[in-house]
Amino acid sequence: MNAQERYELITRNAEEVVTDEEAHEIADDPQGKRAYVGYEPSGVLHIGHMLTANKLIDLQDAGMEVVVLLADVHAYLNGKGSFDGIQETAERMREGFVAFGLDEDRTEFVLGSEFQLDDDYTLDVQSLAVRVTLNRARRSMSEVAREEENPNVGQIWYPLMQAVDIARLDIDLAVGGIDQRKIHMLARDHLPDIGYEAPTALHTPILTSLEGGDDKMSSSEGDPVAMDDSREDIRDKILDAYCPPGTDGNPVAEIYRYHIFPRFEKVVVERPEKYGGDLEYMSYEGLANDLDSGELHPQDAKEALVGYVDGLVEEGREKI
Ligand SMILES: Nc1ncnc2c1ncn2[C@@H]1O[C@H](COP(=O)(O)OP(=O)(O)OP(=O)(O)O)[C@@H](O)[C@H]1O
Ligand SMILES: N[C@@H](Cc1ccc(O)cc1)C(=O)O
């Protein structure tokens, strides 16, 4: 792979990279450079999480070192349950990531509480705390905090810790869904104030909840397509999903776009002859055009999606 090919792999399906120039620098020489995603261990691993996990696989393939942070202290600060329960979920999550394609030998799994309770770490968070305004810390949590209206101190502490994670884990590329953007920007702006380099950031799109609307697919609210769902569960959830005519705000279209087309060369939507026969698509754009024009009926799009999503999770599901 040459530098341009690596750059394309690193940035494919990303919603944004900050900055593009820095992404090129990483692609020019990925050896020894480190990328990470942090997850709050709560609920189940779902296909929304897999957008970031798939990006980690791309980064590994491009030659970067990859770290998965199981952010137990963050989950605790964000009100996701008892510390013991969170730690049990962390272990299940680690097993899930390995079953679904992250190479165990090439991925560093780190539990937050293993290093976030050290003195030096705490002093770094305190150094940031005297430099970052309350307003900025609070705003950075607008898409991450569980309780937005009346935040507690834990929710202000949270983004400062996330920034210090980046420094302490020696991360060059911080990866997350686009909901992590404001925290990454805070880290870029303020880590240099306490003697660390500003990280490059890469954000994936966010998969919308199957109910549609503004909510993301989430493990603590709603009913996500979980990585260990049976074919029947997947079928029930997808056939029930919000799928208006057209692609706007349509979670079914998003799953085709971000999960199916990157992995399957061709998508076949089976239809009886009397409704025009099977449709074949080689790219998301073709399917999107037909959804937008009405040539592809939402019900047919959903029926076909069941088989593809099942194919996606089948192999990993058998391992967990
Ligand atoms: N629906 C989604 N689509 C894309 N990325 C997601 C989605 N949900 C979570 N992520 C990404 O996964 C990482 C971990 O997120 P997080 O632990 O908050 O997951 P979650 O399921 O939303 O949890 P919770 O529902 O408990 O808040 C973040 O980088 C986040 O952007
Ligand atoms: N903020 C992430 C979790 C996370 C925690 C700590 C980090 O260093 C990175 C990510 C979320 O929304 O779930």
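Two strands are taken to pair if DSSP finds at least two bridges between them. Helices (H or I, at least four residues) and strands (E, at least two) are DSSP runs, numbered from the N terminus. The model described here is predicted, so to speak of local features a pLDDT of at least 70 is needed, side-chain atom pairs count only at pLDDT 80 or more, and totals for chains, interfaces and linings use all residues. Residues are numbered from 1 along each chain as its sequence is written, chains are lettered from A and ligands numbered from 1 in the order in which they are written, and side-chain values use heavy atoms, with hydrogens and water left out.

Strands of a sheet pair through backbone hydrogen bonds, either parallel or antiparallel. Here, 6 strands make up an open sheet with mixed pairing, in the order β1-β6-β5-β2-β3-β4. Its edges are β1 (16-18) and β4, each of which pairs on one side only. From one strand to the next the twist averages 20 degrees; angles run from 0 to 180 degrees between N-to-C directions, and axes are lines fitted to C-alpha atoms, for helices over the stretch in contact.

Strand β2 (residues 34-39) runs parallel to β3 and is joined to β3 by 6 bridges. Tyr 39 has Leu 70 of β3 as its bridge partner, and Val 37 stands opposite Val 68 in β3. The chain passes from β2 to β3 by way of helix α3 (residues 49-61), in a right-handed β-α-β crossover; right-handed means that, with the strands pointing away from the viewer, the path from the first strand over the helix to the second runs clockwise. Strand β4 (residues 107-111) also runs parallel to β3, through 5 bridges, and Val 68 stands opposite Phe 109 in β4.

Helix α3 also holds Gln 60, which counts as buried because its relative accessibility is 4%. Leaving aside neighbours within four places in sequence, Gln 60 is in contact (heavy atoms within 4.5 Å) with Val 66, Leu 102, Asp 103, Arg 106 and Thr 107.

Elsewhere, two helices meet. The axes of α10 (residues 231-240) and α13 (residues 298-319) come within 9 Å and cross at roughly 145 degrees. The crossing is right-handed, a term used if the near helix is turned clockwise from the far one by less than a right angle, and left-handed if anticlockwise. Residues making the contact include Ile 234, Ile 238 and Leu 239 of α10 and Leu 305, Val 306 and Val 309 of α13. The contact residues divide into 7 nonpolar, 2 polar and 7 charged; Ala, Val, Leu, Ile, Met, Phe, Trp, Tyr, Cys and Pro count as nonpolar, Asp, Glu, Lys and Arg as charged, and the others, Gly among them, as polar.

Some backbone details deserve a look as well. Most residues other than glycine have a negative phi, and most peptide bonds are trans. The bond from Val 18 to Thr 19 is cis, with omega near 0 degrees, and Thr 19 is found in the loop between β1 and α2 (20-28). Asn 13, in the loop between α1 (3-11) and β1, has a positive phi of about 60 degrees and is partly exposed, at 41% relative accessible area. Asp 170, in the loop between α8 (153-168) and β5 (173-177), has a positive phi near 60 degrees and counts as exposed, at 52% relative accessibility.

Note on methods:
Buried means under 20% relative accessible area, exposed over 50%, partly exposed in between (1.4 Å probe, protein chains only).
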